[in-house]
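Here are some notes for you to read alongside the model.

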Amino acid sequence: MVTFKATHIVKPAEPTPEEIMYLNACDQIKDITHTPTIYFYRNCEKLDNGDDVGVLRDSLSKVLVLFYPLAGRLKWSAEGGSRVELHCNGRGVPIHEAVSEATVEDFGDFTPTREIQALIPSVDYTTPIDEIPLVIVQLTRFKCGGVSIGLGVSHVMADGPSALHFVDEWAKIARGADPIIPPFLDRKVLETDEPLVSKFNPAVLRPPPSLIGEEENMEQRKKPITVAFLNLTKIQIEKLRNKASEDLEAAENSRGYSRFEAVAAHIWRCTSKARRHKAEQQTSLHFVADFRTKLRPPLPKNFFGNALIRVEATDTSGNLLSDPIGAASRKIRAAVEKVTDETVRGYLDYLKELRDVGRFRSLDNNGHPKGDFYGNPNLAIISWTALPLYGADFGWGKEIHMGPGSMGFDGKTFIIPSHDGDGSFNIAIWLQEENMGAFKKSFYDDI
């Protein structure tokens with residue numbers, strides 16, 4: 001049970017530019033929602049004797065001078081087409097103060113359940129968008145003296161690397177560390193006037209396959225889902241990599257499959273097996289690729305915004321399960337290797353010319369659910385393996401856990417490197433309840 005004590009609206013500590021900031025095509029297709037993450041901290045002397053909410057408020061007001069767009073609000077654009085404008089107006093960021101009768105230990109392995117979600121601010125997305133903050137924060141104190149920071153950052157404003165950059169600089173200011181690395185805020189840097197070398201193939205943006213005989217997906221959408229938080233040891237990951245790389249022919253590039261390529265292939269095969277698909281069932285694995293270093297020239301290292309492109313690998317469930325794991329890893333690698341400067345430029349140009357960008361969002365313009373169904377027979381994997389997830393020290397030590405909130409749908413999966421730095425992965429996956437038992441069994445038995 002979480003009890004709310006107060007809400008503080010934090011505005012930039014100094015005057016910031018009042019402007020309408022340009023949002024590029026990559027921003028425009030993002031959901032008008034927030035990415036929920038959670039940080040847990042054990043009790044310590046500074047938490048006992050310090051003003052934790054005061055530290056967060058003061059440091060947030062200072063970091064918002066650098067990241068001032070996050071203190072603004074979105075508005076619907078007069079040009080229509082479900083596009084939005086970013087109004088940098090200094091409206092501020094709320095910090096909700098709360099207390100809980102639970103202890104940090106009560107959350108066990110931090111599986112992203114409803115109990116975790118209660119520690120992250122909720123948002124009513126039927127509220128007019130110009131009233132919805134772009135960052136939301138919740139500080140919850142536990143009976144044991146520990147705390148959690150629940151955070152939501154607008155999808156339109158920042159992808160994973162950018163959101164983590166914001167948190168890192170906020171934490172640095174809170175504990176008095178240097179150097180502060182300001183964000184690169186000009187989102188026009190993604191665009192160029194040079195003629196396109198090749199046209200973008202929009203096939204990757206088509207709706208995902210449906211279950212055979214259930215083209216509307218309504219029955220699948222209604223089924224209850226559950227979440228699992230599973231660990232793969234470094235040894236198990238290497239075993240999957242070695243199995244996958246056996247499939248590489250000597251004439252091919254000798255670079256073995258990456259940890260992501262092997263583990264994602266394993267998860268894809270296990271979900272198809274657990275869902276008991278027909279052999280001819282089409283299935284799609286969706287993920288995103290960071291194109292910061294793919295562009296020529298590359299984006300600035302501290303670029304703040306969205307620099308992700310949607311990527312898709314497809315097969316039939318029959319092929320996935322009858323072929324060795326390396327065949328699935330090859331499809332995943334082939335999808336990633338299509339992300340080049342040319343394809344990204346074509347992708348951005350294609351999105352810019354769309355009449356209506358709302359087709360890619362999971363909520364309509366009034367905040368009600370809609371959109372494509374990425375559940376059974378499909379899978380959506382978000383890899384955090386290359387992100388600097390850990391070390392957000394606000395002055396009371398580093399977090400003991402950082403992870404996603406309970407934001408799952410059937411097939412939604414996170415691959416998260418272990419906080420311990422032992423080379424293991426934690427897999428957070430949401431599946432229909434009727435399929436989770438079979439998935440867990442296959443997940444470990446088929447390594």
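1. A word on terms to begin: buried means under 20% relative accessible area, exposed over 50%, and partly exposed in between (1.4 Å probe, protein chains only). This is a predicted model, where local features need pLDDT of at least 70, side-chain atom pairs count only at pLDDT 80 or more, and totals for chains, interfaces and linings use all residues. Residues are numbered from 1 along each chain as its sequence is written, and side-chain values use heavy atoms, leaving out hydrogens and water.

2. The whole structure holds 21 salt bridges (a side-chain nitrogen of Lys or Arg within 4 Å of a carboxyl oxygen of Asp or Glu). In one of them, Lys 352 meets Glu 191 at 3.1 Å, N to O. These partners are 161 residues apart, with Lys 352 in helix 11 (residues 341–353) and Glu 191 in the loop between helix 5 (160–175) and helix 6 (218–222). Helices here are DSSP runs of H or I, at least four residues, and strands are runs of E, at least two, numbered from the N terminus.

3. How accessible are the two partners? Lys 352 has 43% relative accessibility and so counts as partly exposed; Glu 191, at 28%, also counts as partly exposed.

4. Do look at Asp 410 and Arg 275 too, whose side chains form a salt bridge (3.4 Å, N to O). Asp 410 sits in the loop between strand 13 (401–404) and strand 14 (412–417), and Arg 275 in the loop between helix 8 and strand 10 (282–290), so the pair ties together parts 135 residues apart in sequence. Both Asp 410 and Arg 275 are buried.
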